[in-house]
Amino acid sequence: MTIRILSAIGDPDAARAVSSLLHQLPDAEPAPAVADSTALLAALARAGAQGAEAPAAAGPAAVEGLPEVVLVHERIGPAPALELIREVALRFPAVGVVLITADAGPALFSAAMDAGARGVVGLPLGYDELAARVQAAAQWAAGVRVHLGAGPEAAPGPAGTLVTVTGAKGGVGTTVTAVHLALAARTAGRSVALVDLDLQSGDVASYLDVQFRRSIVDLAGIQDISVRVLQDAVHAHHTGLGLLLAPEEGERGEEVDDRAARQILGALRSRYEVVLVDCGSQMQSANAAAVELADTALLVTTPDVVAVRAAKRQVRLWDRLQIRKAEDTTTVVNRLTRNTEIQPPLVAKATGTQVARTHVPAAFKELQPCVDAGRMQDLDNRSTVKQALGALAAELGLVESPAARQGRGSHRARPTLTGRKRKAIAPGAAPGTATAEGAAGAAPGPADRAGARSGGRFAGRRGPAATGGAGPFDAAGPYEEG
Ligand SMILES: Nc1ncnc2c1ncn2[C@@H]1O[C@H](COP(=O)(O)OP(=O)(O)OP(=O)(O)O)[C@@H](O)[C@H]1O
Ligand SMILES: [Mg+2]
C-alpha cells in the first residue's frame, strides 16, 4: 500500500527533518510540506476535488485524490494545531491525522484524539515512532475508505475470497486463527472483513478490544444491503479490518438464518478482497451456509484424541448435510507440540481432509498477555503463533492481490456449491444432532429445532461417511496408542 503523506510544518528546519525521515519509510510518498493551516486546507480541498473527477472515485465520498496521512506540527499557524486537526477530521474524514509535538503527555494526547487525530508523535522525532504512527494512521484511512466505498481497494470485483474457520470443538483456537489470518491479510495490504458467525458466543470483539453496539443481526432481514447499510454495521477497526460482530445478546443470533448469511456474505465479498468468517464450533444454519459457500473451509483441531474425534464428527456432519466434502476441507492443527503422538498425517488420515502444510505451535506464554489485555493485534511479530498463522495465510493465498492469485490458480479453484440445494440445519445444532430434512433458503421452523434436540429426524439419514467406527478416533472405539 502506498502511503501518501502531506505535512503542515511552519518551521523550515523541522520540515526538512520530517521530510528526510519520511523518505526513509517504505511505501511512503511524501509531498512537499505546506507551511500554514490555510495552505493545508487548500491543498486537501484541491486533492479531494481532483479525486472527485476521477471516475473510480464515484462513491459516496470522493477521497481518491486525498493523502492517506496528514502530519500537523504543533506550532503551525494561523489556526492552532488542534483546531486545524478538528477541521481536517471533519472535512476530510478519510485522512488519518498525526500530531507532531514536544508535549507527548496524556493531556495533550487526549485533546488530540478528541480533536480527531489518529496518533501523536513526540519531538525529537525518532524513525520508529514516526513510522509506527504513520503506518497506523494509513491503515485506518484505508479501512475508512473501504467503508466509504472509495479507493482502489473498495471494489475488488464481484467476489472476494471467502474463508471460513470452524472449530472441531470449543476452545481449540478457532478465533485466534481467524483473527490472525485476517490481520496477516490486512498487513499484506488486502481489504479484509472479519465476520463473527459464532452467533451465540462470538468473541472477536473481545480479542480485538472493540466496543461496538452494531452487529450482524442489524443486517439480517434487509433485502438489499447497500454500501451505506453495510458501512453502518461494520466496525472500522484501527488495524484496518472491517469487523462484523456477533450480537451482544446471543439469542438474537437466531435472526441470522441461512438466507441472511448468504446475503450478508455476498455483500461483503463484493466490497472486500478477503472475507474471513469465525464460525465457532456449533453448527447452525448461518455458519453452515458460510461453510458451504467458502472458497476455503478451515477446520481447526488440536492434536488430541477428543478434538480429532470431534473434527471427524464435524466433517461427517458436513458430508451428511451436503455442506461440504471432507476432501474439500482443510484441517489446521493448532497447539502442536513435538512430542504429541497425534501428528498431522494421522489427523489427515482420521478425518479424510487435507491438512494444511503449516501447523501452529502451542505457545501459551506468548499469547497470554494479549489474551488478558483483549488485544490480539498487539501480538509481537516474533511470536511463533503469529508467524505460523502468517505462513498459513500465505499458504492459503490470502496475502496476495487477487490478480496475482488468479495468475497462479488458488484455493478458489474449487467450485462453490452455491445454488445447489443442501439439507437444512437447525439453529444451535451440535455436530451429530442436526436435522436432515428441508432445503437451502428455507428458514428452519420450530419443528426443525425440536428435531435437532431429539435427533429424531436426523437418525435415519446416515450416509456412507457416517458408518464404520472402530478406529482410534471414533467415539465408540477405544483409543489405541501408536
Ligand atoms: N497455538 C496456541 N498456543 C497456545 N494457546 C493457544 C493457541 N491457540 C489458541 N490458544 C489459546 O486457547 C484459548 C482458546 O482460543 P480461542 O478463543 O481462539 O478458541 P476458540 O476455539 O475460538 O474457542 P471458543 O470455542 O470459546 O470460541 C485462548 O486462551 C487462546 O489464547
Ligand atoms: Mg471462538
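These are my notebook entries on a predicted model of one chain with a ligand.

**Entry 1: the overall count**

I began with the secondary structure, and the chain comes to 17 helices and 13 strands. Next I looked up burial: of the 482 residues, 50% count as buried. I also checked how far apart in sequence the contacting residues sit. Among contacts with a separation of 6 or more, 72% are between residues 24 or more positions apart.

**Entry 2: the sheet**

I then traced an open sheet of eight strands, and noted its order as β8-β9-β7-β10-β6-β11-β12-β13, with mixed pairing. Why do β8 and β13 each have one side without a neighbour in the sheet? Both stand at the edges with a single partner strand each, so one side of each is left open in that sense.

At the β8 end I looked at the pairing with β9 (residues 242-244), which is antiparallel and has two bridges. Here His 235 stands opposite Leu 243.

**Entry 3: strand β10**

My next stop was β10, residues 274-280. Buried or exposed, I asked of this strand? Seven of its seven residues are buried, so I wrote it down as mostly covered. I sorted its residues by direction too: Val 274, Leu 276, Asp 278 and Gly 280 point one way, while Val 275, Val 277 and Cys 279 point the other way. Asp 278 is buried along with the rest.

β10 has β6 (residues 161-167) as a parallel partner, over six bridges. Within that pairing, I found Leu 162 bridged to Val 275. β7 (residues 192-196) also runs parallel to β10, joined by five bridges. There the bridge partner of Asp 196 is Asp 278.

**Entry 4: strand β11**

Which strands pair with β11 in parallel? β6 does, through five bridges, and I noted Gly 167 opposite Val 300. β12 (residues 329-333) does as well, again through five bridges, with Leu 299 standing opposite Thr 331.

As background, nonpolar side chains tend to be buried together in soluble globular proteins.

Leaving out residues up to four places away in sequence, Ala 290 touches Thr 164, Leu 197, Ala 261, Leu 265, Val 277 and Cys 279. Val 277 and Cys 279 belong to the β10 group that also holds Val 275.

**Entry 5: around the ligand**

Which of the 20 residues around ligand 1 come nearest? They are Gly 170, Gly 173, Thr 174, Thr 175 and Val 176. The elements that give two or more residues to this shell are α6 (174-187) and α13 (364-373). By class, I counted nine nonpolar, nine polar and two charged residues in the shell.

How values were computed:
Residues numbered from 1 in each chain as written. Chains lettered and ligands numbered in written order. Predicted model: local features only at pLDDT ≥ 70, side-chain atom pairs only at ≥ 80, totals over all residues. Near = placed C-beta within 6 Å. Helix = DSSP H or I, 4+ residues; strand = E, 2+ residues; numbered from the N terminus. Nonpolar A, V, L, I, M, F, W, Y, C, P; charged D, E, K, R; others polar. Buried ≥ 20, exposed ≤ 12 C-beta atoms within 10 Å, placed from the backbone. Pairing = 2+ DSSP bridges. Contact = placed C-beta atoms within 7 Å.
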